[in-house]
Amino acid sequence: MATSKSNDSTNSGPQNSTSDTNDEEKAELCPGFKDVDAFVKYGLGAVLSATKASAGLPQAGDEYDFYRSFPGFQEFCESQGDKLLHCQIMQHHGCRSHMRERNKLTGLEERFDLVVDSNDVILERAGILLDEADGVNRSQQPVMPAGFQPPKIVVSSWNRKVGSGSRSEMFRLLHAKNVARPQLKFKEKVDNSNTPFVPKIFIKPNAIKSLPSYFTNKQIRKERPEDLDVPAALADFIHQQRTQEHVEDMFAHPYQYELDHLAIPESLLSKPEPQMYKPIAETKCSFIDALEDLVALNEKLCRLTEFAVDLEHHSYRSFLGLTCLMQISTREEDFIIDTLELRSEMYILNESFTDPTIVKVFHGADSDMEWLQRDFGLYVVNLFDTHQASRALNLARHSLDHLLKHFCNVDSDKRYQLADWRIRPLPDEMVQYARTDTHYLLYIYDSVRAQLLDFNHGQTGLLQCVWNKSKDISLKKYLKPIYTEESYLELQRKQKKSFNTQQLTAFRLLFAWRDKLARQEDESTGYVLPTHMMSKISEELPKEPQGIIACCNPVPPLVRQQVNELHLLVQQGREMPLLKVRKDGCQQWPEVTLFGPHDTSRDSASFLKELETKNDQESLSVAHMKARRIIESFENPFRMYLPAPDVHINKNAKFDPSSKIFEISKRWKLQSSEQQQKELEAKRKAKQEAKEQAKKETGNESAKGGGKKRERVASEVGESTPKPSKKLMKSAVKPQMTEPPPQDSFTPFDYSQSDLNVFADTKSKDNAQFDPNRKGHDFKKKKNPKGQKSNFGAGNRSMSYLAGKSDRGFRHNWPKR
């Protein structure tokens, strides 16, 4: 028993010791550190000692280069650097420590970069761990309150399908990045040259006026092998100059004559009964991508009286754009044509599209007419545009969705309006969208015509106006964008930014580069370099290629490829001389002399004369200017000595007797003073003569009246002089009294002969002027005795008063108020 107990005790001894050691190991955080505080204290001390040691090292510059010249210091630094690069910390964090084919010249810089990278990785991981220790986890979603609903950020609505559930389904195939370029499959290469557009038509069905021979001869370019590498329009022009052949209708609308003589029949101007459309689920839909199916469709359309048409277009990955799809709907079925596959055979539909007895219904056909001419050589005769009808009816909105909702109570899905229609095969959702655009259009055509007649009280004027506007739309011609040296100005005006000469030069060069590259690569200008990015680069004028990339977000692929070429263009703009700029940042342009409509400071006639004289002076030659000066010298002989009006004259020169200006001004002053004296003498003589004549006349009249009686002249026999009436006498006297006396006969009164003693004893009773000697007025009325009248006007008889003693300084003599 004792032995067993001793064995147990001996066995239990080692077990207890091992358990104690395990508890101690569990209690320690790291080997040699009991808890976190001990580890932190040791770590801070190590960091402080390392910082002090690094501060004691030689500083970069002359001091370090001096120590580096000693072999012992150099070997010590290399050994410490290798030890640092191969330490366990860097290998633990995955830092690259071994460098293959190390260069002696750049080895030090590479080592320094390795240390910097490793420090960044270690500090970033330390920051993440510290955030987790504080309770901030970057990977977790932020904690929101119970009733909080985050706002929905809607980037776009056309590519989001809202289902019955809460989640919405995204269609990621709308902008397929890996779509093969359909331009590569075209039989005729796309013409992006900087030449005018030549119509593609070579057969003219339903023609009243035949097509010119230039278009009918399809082999005309094969006969000119020397012009195969030249664009079509330029080759035609060269051929005309070579053969002296002139084609007037080369760029004209081929169906101009037919459209000008188109007459709308009475059946289309009468009120129709809208024919209800078939449900879209019960209507047959055919997808046409073969030539045989296209010919059969054309034969069906030629037997109809109306059909609806719509197009789907793509313009982002093509310079001129591509018509990707055509939808045609009749009363019975729908057709969808793959125009990318049948691009060179679409001219077959001209037989039905140009038939004047068939109505082609479009909605918003302004762009459709241009696309049909550009890609297929198709033209439309007898068009009806429901968009123009909607405008004539003054509907709330004129879009196709509004017409579908208004007339058919159908909600259209416009998610695919901006989709990439180059995708093949087309998804069912996109086919359904394309089919909806034309399926209900014929019913809308009937309903709109009926409402136009009702809106105009049964008169056909409004409906006829819609037909005329639709005909004008069908007469539109496609015009290819042509680059000129001034094309950038129109785009720059739309930006509404004021550029200086350097920025404007950079904008012009970038615009030319973008247009050239877009034509070569057959990409849109928005894909090559969007306008807002081009404006940003022109405004900033970055000095480095990285600055150009920084101005673009996201960076277009072609900009990243040719960033060095763009940098050279920006440098050319920076080398331009910079004009003076005002404080407000605007460029200092020449002063504008125009005036506003409410500016009364200048007369328009004088302003126009000034402009004419300025223009004449600018246009005249030197000889004409000399001749004009000679003629002006005859008008004013002193003009040649006077300075020009623009020349500044010193004020001291005007008063200096030795100067020529003083002499000339003195002569003018003397001449003007002599003329004034002569005029004054002439006036005095005229006054004296007038006075003498007036005295003589008055003396003669008085002598005749006093000495002789008035003799009566004997009248002849049979004559009687009637007596004038009193009224006539008065009327004759009045004008004589009203006539003012002549100014020359006026003689002023001589006050020296007047008797002034008359005014000596008079006193003013009531003077309106203030008299300081007079007491204040008593405003109470005085009672007058009977028989006496109040004489208010007698006080103004005297013109003066006697000077008396003034008591103005006494208070009791002040006037009362």
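This is a predicted model: local features need pLDDT of at least 70, side-chain atom pairs count only at pLDDT 80 or more; totals for chains, interfaces and linings use all residues.

**Entry 1: the whole chain.** I started with the overall tally and got 30 helices and eight strands in the protein chain. Next I looked up burial: of the 817 residues, 29% count as buried. The accessible surface came out at about 59,700 Å², with 54% of it belonging to carbon and sulfur atoms. I also checked contacts with a separation of 6 or more, and 66% of them are accounted for by residues 24 or more positions apart.

**Entry 2: strand β4.** I went to residues 306-314 and asked how many residues of β4 are buried. Nine of the nine are, so I put the strand down as largely enclosed by the rest of the structure. I then went through it face by face. On one side I have E306, A308, D310, E312 and H314, and on the other F307, V309, L311 and H313, all buried, so both faces are covered.

Which strands does β4 pair with? One is β7, residues 359-362, which runs parallel to β4 and is joined to it by three bridges. There I found F307 standing opposite K360. Another is β5, residues 322-329, which pairs with β4 in the antiparallel sense over seven bridges. For D310, I looked up the bridge partner in β5 and it is Q327.

**Entry 3: I201.** Is I201 buried or exposed? Its relative accessibility is 4%, and the cut-off for buried is under 20%, so I201 counts as buried.

What does I201 touch, leaving aside its neighbours within four places in sequence? My list reads L211, F215, P254, Y255, N350, G377 and Y379. I also looked up the spacing to L378: I201 and L378 are 177 residues apart in sequence, but their C-alpha atoms are 7.5 Å apart in space.

Entry 4: Last stop was the surface. V36, F39, V40 and L44 make a nonpolar patch there of about 360 Å². I looked up where F39 sits and found it in helix α2, residues 36-56. F39 has 42% relative accessibility; that lies between the 20% and 50% cut-offs, so I logged F39 as partly exposed.

Conventions:
Residues are numbered from 1 along each chain as its sequence is written. Side-chain values use heavy atoms; hydrogens and water are left out. Buried means under 20% relative accessible area, exposed over 50%, partly exposed in between (1.4 Å probe, protein chains only). Helices (H or I, at least four residues) and strands (E, at least two) are DSSP runs, numbered from the N terminus. Two strands pair if DSSP finds at least two bridges between them. Patches are made of residues with over 30% relative accessible area and no salt bridge: like charges are joined within 9 Å, nonpolar side chains (Val, Leu, Ile, Met, Phe, Trp, Tyr) within 5 Å. Accessible areas come from the Shrake-Rupley method with a 1.4 Å probe; for residues, only the protein chains shown count as cover. A salt bridge is a side-chain nitrogen of Lys or Arg within 4 Å of a carboxyl oxygen of Asp or Glu. Contact means heavy atoms within 4.5 Å.
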